[in-house]
Amino acid sequence: MKKFVQNEFESAFAEWLGVTRAFAFWKGRVALYAVLKAMGISEGDEVAVPGYTCVANITPIHYLGAIPKYVDILPDTYNMNPRALEEAITSRTKAIIAQHTYGIPADLDEIIRISKKHGVPVLEDCCLALGTRLNGKRVGSFTAASYFSFQWSKTIRIGLGGMLAINDRSLVDKIEALRNQSMFSPGMLESTLLSAQMLAYGLLYRPSTAMFLEDFFRFLTNHGLVVGSYSLKEYDGSAPPHFLKGMNRVQGLIGRLRFREIDTVISHRRMLQTIYEEYLQKLNWPVLDDSVDSQTVLVRYPIRVKRKFQTLDDAYRDHIELGSWFDSPLHPRGTPLERYGYVNGTCPEAEQAAREVVNLPLHMRITPKHAETIVKWLVENAVPANSAISMAGQSHQLRTYKLSQEWMHEIEDQV
Ligand SMILES: *Cc1c(COP(=O)(O)O)cnc(C)c1O
């Protein structure tokens, strides 16, 4: 019995990416969960992931009883270090997650070579890399499966939403079977709340209110008033009921509409990136290395600073939209690392990046004028980091980050 038929967003997405089939889900992490499950990942299997990611990538692995194996990153691309990957592979490794961090493509040549050598499939995490190409080909189309997110901080925003792209016929059949057997439809209440939230965000957002809005939505989430990106149950060890959830009709329609503008979104992002780099270079600040070329579509522009948390605090005060992910090897800060098997010191480059990297916005509401204001502010208020200097002593806590920690504790209290 076919309960879920392909919608227009899915078919347009698959065609654009050049893959066999795309499947829409409630969130990106649900897409990951679906593909891991369809691949038969289970109790005791190991999944190699970069130790510089968000906890949303780890919970689906945990729900299946599998074990994340954290692989350190390269300091210049923020992506998985292939040498460290090869060292992390064991006979129990059943999948490799190649995350294209900030939109910068991972070293797929090497990662795929290693995957073939050890007979372990690669999943591309394209949640931050919609539109990036590598050797002319879009990321997400190199391997059997990849997944994308349309959460409100990503390249194309629906509010919440995810897409799984499959390039392997037998895996397509397995995902279809899984959806028809076990996928839930979002409830009326959460669908309505999500729509209201998207509307409110659209109405309230200004570059100068971005930081405030984040706090505000976090506050509402704490009080159960919006459909948050992280749900309380997710911090538990087992999949929350109804986790395997599809995309609702409104998400699908908005997704399809926003996706029509993908070319505009990409050129806007590239234009802002050029502006940031021109200003930064003029002011003797470092820019991304050559691997970030004209084929890269960034979700945010990463930059390393000294005293990161003080800088973020100051930006918040001055209404400058400065972002920060990842704040921890498993974002957000306050994630109980031991619960997810991350041992401090495992990925030193990732930990260093988490202490230093802030990011600049590239979304549609940022104009060249805003970009100029942000860079000017940055140059006056921050100091570029020399990664050789240890930032381990840094203890400053900023307001937003205190808030997010309180939020995490609240979550801890409830699970
Ligand atoms: C956002 C994100 C995800 C998860 O996406 P959701 O839609 O929030 O579930 C996974 N991986 C990375 C790298 C992300 O940035």
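Modeller: Sorted by class, its shell is made up of four nonpolar, six polar and four charged residues. In that sorting, Ala, Val, Leu, Ile, Met, Phe, Trp, Tyr, Cys and Pro are nonpolar, Asp, Glu, Lys and Arg are charged, and the others, Gly among them, are polar. A quick word on what you're looking at: the model is predicted, local features need pLDDT of at least 70, side-chain atom pairs count only at pLDDT 80 or more, and totals for chains, interfaces and linings use all residues. Residues are numbered from 1 along each chain as its sequence is written, and side-chain values use heavy atoms, leaving out hydrogens and water.

The ligand is surrounded by 14 residues, the closest being Gly28, Arg29, Asp125, Ser149 and Lys154; a residue gets on that list if one of its heavy atoms lies within 4 Å of the molecule. Now for some polar contacts, meaning pairs of N or O atoms within 3.5 Å (within protein, one must be able to donate a hydrogen and the other to accept it, and residues adjacent in sequence count only if both atoms are side-chain atoms). A polar backbone atom of Gly28 sits 2.7 Å from an oxygen atom of the ligand. An N or O atom in the side chain of Ser149 is also 2.7 Å from a ligand oxygen, while a side-chain N or O atom of Asn57 is 3.4 Å from a ligand nitrogen. On its own, the ligand has 380 Å² of accessible area, and the protein covers 96% of that. Areas like this come from the Shrake-Rupley method with a 1.4 Å probe; for residues, only the protein chains shown count as cover.

Where does Lys154 lie? Look at the loop between strand 9 (145-149) and strand 10 (162-166). Helices (H or I, at least four residues) and strands (E, at least two) are DSSP runs, numbered from the N terminus. Lys154 counts as buried because its relative accessibility is 12%; buried means under 20% relative accessible area, exposed over 50%, and partly exposed in between (1.4 Å probe, protein chains only). Setting aside residues up to four places away in sequence, Lys154 touches Cys127, Leu128, Ser149, Arg269 and Val299, where a contact is heavy atoms within 4.5 Å.

Ser153 belongs to that loop between strand 9 and strand 10 as well. Its side chain makes a polar contact of 2.6 Å with the side chain of Gln151. Beyond its neighbours within four places in sequence, Ser153 is in contact with Val299 and Trp325.

Let's go back to Arg29 for a moment. Leu244 is 215 residues from Arg29 in sequence, yet their C-alpha atoms are 9.5 Å apart in space. You'll find Leu244 in the loop between helix 8 (210-222) and helix 9 (249-259). Leu244 is buried, at 7% relative accessible area. Apart from neighbours within four places, its contacts include Phe25, Val30, Tyr33 and Leu178.

Just past helix 11, His319 has a positive phi of about 55°. Asp318 is in the loop from helix 11 to strand 12 (330-331) and is partly exposed at 30%. Its side chain makes a polar contact with that of Arg317 (2.9 Å), and, residues up to four places away aside, Asp318 touches Trp377 and Asn381.

Finally, zoom out. The chain has 14 helices and 13 strands, and 58% of its 415 residues are buried. Of its contacts between residues at least 6 apart in sequence, 75% join residues at least 24 apart. The chain's accessible surface comes to about 17100 Å², with 53% belonging to carbon and sulfur atoms.
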